[in-house]
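The stops below are meant to be taken in order.

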Amino acid sequence: MPPKVKPKKEYASLKTAVLLPCYNEGPVIAGVIKAFRAALPDARIFVYDNNSTDNTAANARAAGAIVRRESLQGKGHVVRRMFADVEADIYLLADGDGTYDATQAPSMIGRLIEDNVDMVIGVRTHGNNPRAYRFGHIFGNRFFTATVHELFDSDFRDILSGYRVMSRRFVKSFPALASGFEIETMLTIHTLDLLLPYTEVDCPYVERKQGTVSKLNTYFDGVRILGTIVLLFKEYHPFRFFFMLSALLVLTSLVLGIPVIIEFVETGLVPRVPTAILSTGLMVLAGIGVTCGLILDTVSRARREIKRLHYQSLPSIHEVLHGRQTTAGTARKRHSR
């Protein structure tokens, strides 16, 4: 585990925003805000209430957070609204349930700045505590992480972690299209698609406090996350996607068609006409699939270039810092005169 890196004093000019999406986290949200306030005293803390039926908003407001509301239900909708509304240089995204360790925040921000990366992911470590991390969630996370590794050539260790520190140019160039818990998957694959710099650090993950329940449905949300991975694979790597489908069609066509061909060679007859037609149709569909993959791959490449150009049009964290230090130095010289 790499040593902790804390932000230096000269980084104080950078504006940091802590983003906490919440749905019925009333019993714990005040403690979460207090913890992040102690860890990052200069940061602004935003709580976005997602139609809570308890006192989440009131408790967050009483604890000193900036409270806003998102009426569209789902974590993806909340994160999209946060990224659009909040202006900052550094964004820290965490859950409002108190499962992430706020004391890791300064170290994660330090890594973002010192390593000049666009995202730092907190890899969840739970010490084999089943109450902190259920077996179904562990299995699902490993399965999805392995799937992304194979499809997108990834070396992420925890693609579903909700504890992330991101630069402004990452946040403002991210097309937040998710509606639910698949938002973390989209953040990860966006990073891989544009080859953005990132790093991971180990962070303790603790069990929920009494009075709160997990909003993640193991099976329903698992299916949505898997569907999102497949959809993004089709969007970002269409030729590979359609080539795999076409290869399956070709194989099925050959399995059905070879016996018909052999029978035709031996007897000169085609008694199984429906099978011959099906085999031919599958082979035609395979050719159409490859053609679609080639065309969509060109479109995907153009979209990727546009997204990359937009990303590059935004200043990096070091450019923002250097510009402000230069401005501050110029102001001091003018004042001394």
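Predicted model: local features only at pLDDT ≥ 70, side-chain atom pairs only at ≥ 80, totals over all residues.

**Two helices**

Begin by selecting residues 218-236, which are helix 8, together with residues 238-267, which are helix 9; the two pack at an angle of about 110 degrees, with their axes 5 Å apart. Because angles of 65 to 115 degrees count as roughly perpendicular, helix 8 and helix 9 are described as roughly perpendicular to each other. To display the contact itself, select Val230, Phe233, Lys234, Glu235 and Tyr236 on helix 8, and Pro238, Arg240, Phe241, Phe242 and Met244 on helix 9. Sorted by class, this contact of helix 8 with helix 9 contains seven nonpolar and three charged residues, and no polar ones.

**Aromatic rings**

The structure holds twelve aromatic pairs, and two of them are visited here. Select Phe36 and Tyr163, whose rings form an edge-to-face pair with 6.4 Å from centre to centre and 75 degrees between the planes. Phe36 lies in helix 1 (residues 29-39), whereas Tyr163 lies in the loop between helix 5 (135-152) and strand 6 (164-167), so the pair ties together parts that are 127 residues apart in sequence. Phe36 is buried, with a relative accessible area of 2%, and Tyr163 is buried as well, with a value of 0%.

Return now to the helix 8 and helix 9 contact, where Phe233 and Phe241 both take part. Their ring centres are 6.2 Å apart and their planes stand at 70 degrees, so this pair is also edge-to-face. Phe233 counts as buried at 4% relative accessibility, and Phe241 is buried with a relative accessible area of 19%.

**Asp118**

Which side chains make polar contacts with Asp118? Select Asp118 in the loop between helix 4 (105-114) and strand 5 (119-125), where the residue counts as buried at 2% relative accessibility. Its side chain is joined to that of Ser167 by a polar contact of 2.7 Å, and to the side chain of Arg169 by another of 3.2 Å. Leaving aside residues up to four places away in sequence, Asp118 touches several others, including Leu112, Val165, Phe170, Pro197 and Tyr311.

**Asp158**

Move on to Asp158, which is placed in the loop between helix 5 and strand 6 and counts as buried at 2% relative accessibility. A polar contact of 2.9 Å joins the side chain of Asp158 to that of Arg124, while one of 2.8 Å joins it to the side chain of Asn141. Not counting residues up to four places away in sequence, the residues that Asp158 touches include Ile121, Gly122, Val123, Thr145, Arg164 and Glu200.

**His77**

For the last stop, select His77 in helix 3 (residues 75-85). Is His77 buried or exposed? With a relative accessible area of 17%, His77 is buried. The side chain of His77 makes a polar contact of 2.4 Å with the side chain of Arg80. Beyond residues up to four places away in sequence, His77 touches Glu70, Leu72, Ala178 and Ser179.

Terms used
Residues numbered from 1 in each chain as written. Heavy atoms only, no water. Axes fitted to C-alpha atoms, helices over the stretch in contact; angles between N-to-C directions. Helix = DSSP H or I, 4+ residues; strand = E, 2+ residues; numbered from the N terminus. Parallel < 35°, antiparallel > 145°, perpendicular 65-115°, else oblique. Contact = heavy atoms within 4.5 Å. Nonpolar A, V, L, I, M, F, W, Y, C, P; charged D, E, K, R; others polar. Buried < 20%, exposed > 50% of the residue type's maximum accessible area, 1.4 Å probe, protein only. Polar contact = N/O pair within 3.5 Å; in protein donor to acceptor, adjacent residues only side chain to side chain. Phe/Tyr/Trp six-rings, centres within 6.5 Å; stacked < 30°, edge-to-face > 60°.
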